[in-house]
Amino acid sequence: MVSLRFAGVTELELSEVRSNNVIDKLEISATIPYIVSIEACYGLDGTFKCTTAEVTSVVPNNSFKADGCAAA
């Protein structure tokens with residue numbers, strides 16, 4: 001599991017926010033303001049712009065079982 005922190009967020013358009021979300025694809029553009037696109041497997045989906053993006057933690061999730069969202 002990866003925790004991310006975004007700052008300077010604008011033009012926020014999110015849908016299907018649930019208590020548990022599985023992201024299939026996350027893209028962050030190479031130019032500032034960054035454009036963040038989230039494609040859902042289950043739950044959270046949308047786009048926004050931000051001025052900074054930071055990985056705050058990475059923790060193994062050994063209980064995860066792939067259910068066909070994306071081919072590994």
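Biologist: If contact means heavy atoms within 4.5 Å, what share of the contacts between residues at least 6 apart in sequence join residues at least 24 apart?

Modeller: In the protein chain, that share is 55%. This is a predicted model, in which local features need pLDDT of at least 70 and side-chain atom pairs count only at pLDDT 80 or more, while totals for chains, interfaces and linings use all residues. Residues are numbered from 1 along each chain as its sequence is written, and side-chain values use heavy atoms, with hydrogens and water left out.

Biologist: How many helices and strands does the protein chain have?

Modeller: The protein chain has six strands and zero helices. Along the sequence, the pattern reads β-β-β-β-β-β. Helices (H or I, at least four residues) and strands (E, at least two) are DSSP runs, numbered from the N terminus.

Biologist: Which strands make up the open sheet?

Modeller: Four strands form an open sheet in the order β2-β5-β4-β3, with antiparallel pairing. The edges are held by β2 (10-15) and β3, each with a single partner strand, so one side of each has no neighbour in the sheet. On average, neighbouring strands of this sheet are turned by 15° against each other, direction ignored. For such angles, axes are lines fitted to C-alpha atoms, for helices over the stretch in contact, and angles run from 0 to 180 degrees between N-to-C directions.

Biologist: How many bridges join β3 and β4?

Modeller: β3 and β4 (residues 34-42) pair in the antiparallel sense over six bridges; two strands pair if DSSP finds at least two bridges between them. They form a hairpin with five residues between them. Ile23 stands opposite Ala40 in β4, and Lys25 stands opposite Glu39 in β4.

Biologist: Where is Pro33, and what is the peptide bond from Ile32 to Pro33?

Modeller: Pro33 is in the loop between β3 and β4. The peptide bond that leads from Ile32 to Pro33 is cis, with omega near 0°.

Biologist: What is the phi of Glu11?

Modeller: Glu11 has a positive phi of about 50°, although it is not a glycine. Glu11 is found in strand β2 and counts as exposed, at 53% relative accessibility. Glu16, which is also not a glycine, has a positive phi of about 55°. Glu16 is found in the loop between β2 and β3.

Biologist: Which residue does Glu16 form a salt bridge with?

Modeller: Its partner is Arg18, with the closest N and O atoms 2.7 Å apart. A salt bridge is a side-chain nitrogen of Lys or Arg within 4 Å of a carboxyl oxygen of Asp or Glu. Glu16 is partly exposed at 45%, and Arg18 is partly exposed at 35%.

Biologist: How many salt bridges does the structure hold?

Modeller: There are four. Among them, Glu54 forms one with Arg5, where the closest N and O atoms are 3.5 Å apart. Glu54 lies in strand β6 and Arg5 in strand β1, so the pair ties together parts that are 49 residues apart in sequence. Another of them joins the side chains of Glu27 and Lys25 (3.4 Å, N to O). Glu27 is partly exposed at 40%, and Lys25 is partly exposed at 36%.

Biologist: Which strand gives the most to the nonpolar patch?

Modeller: β3 does, with three residues. At least two residues each come from β1 (2-7), β3 (22-28) and β6 (52-58). Ile28 has its place in strand β3 and is partly exposed, at 39% relative accessibility.

Methods: Buried < 20%, exposed > 50% of the residue type's maximum accessible area, 1.4 Å probe, protein only. Contact = heavy atoms within 4.5 Å.
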